[in-house]
Amino acid sequence: MGADGEVPRLGGEQAFTCPFCGLPQERVPTLEHDWVLLEPNLDVLAHLVPAEHRWITLSDGRVTVYGVCPPDPIQRCRIEHRLACAGQQLPDLWPWLTVLRAENARRAARQAAGESASVVLPESELPDAG
């Protein structure tokens, strides 16, 4: 317990640069006492992501795979950066992920050219894959 009776949070979220695309990826502790590299600043509706790729954030800051099927319609989840990385060859898992990978390729090119890479793809521009 902390000084005020609060349970200390794990924290530890750190940004790492992806060796494939040069964009940041967020290192987050898992429930299994391991680490996963997630796409930063991206929460998507869980029903858009297959069960084995859904990561939900727990109250203590750790994440775990959310395999509930069907998921709660308002449940949000995160995905691993490797799925959104424009520098890696992956199959076209979902249409919205292809759009995200294309946007990350543009962000990486802008970053390499010295422009601001803080543009975030709004959820309204993601196609409805459900």
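1. The structure holds zero aromatic pairs (ring centres of Phe, Tyr and Trp, the last by its six-membered ring, within 6.5 Å). R27, however, lies over the face of W35, 3.8 Å from the ring centre (NZ of Lys or CZ of Arg within 6 Å of the centre and within 35 degrees of the ring normal).

2. The model is predicted: local features need pLDDT of at least 70 and side-chain atom pairs pLDDT 80 or more, while totals for chains, interfaces and linings use all residues. Residues are numbered from 1 along each chain as its sequence is written, and side-chain values use heavy atoms, without hydrogens and water.

3. Helix 2 covers residues 95-112 (helices are DSSP runs of H or I, at least four residues, and strands runs of E, at least two, numbered from the N terminus). Its 18 residues should span 26 Å at 1.5 Å a residue, and the end C-alpha atoms, 26 Å apart, agree with this (the expected span is 1.5 Å times one less than the number of residues). G114, with a positive phi near 90°, follows helix 2.

4. Among the buried residues of helix 2 are W96, L97, L100 and R101 (under 20% relative accessible area, 1.4 Å probe, protein chains only). The buried residues of this helix pack against strand 4 (44-45) and helix 1 (81-84).

5. The largest nonpolar core has 16 residues, of which V49, I79, W96, L97 and L100 touch the most other members (buried Ala, Val, Leu, Ile, Met, Phe, Trp, Tyr and Cys joined through side-chain atoms within 4.5 Å). Helix 2 gives the largest share of this core, three residues.

6. Beyond its neighbours within four places in sequence, L97 contacts I79, L83 and A84 (heavy atoms within 4.5 Å).

Conventions. Buried means under 20% relative accessible area, exposed over 50%, partly exposed in between (1.4 Å probe, protein chains only). Rings of Phe, Tyr and Trp (its six-membered ring) pair if their centres lie within 6.5 Å; planes under 30 degrees apart count as stacked, over 60 as edge-to-face and the rest as tilted.
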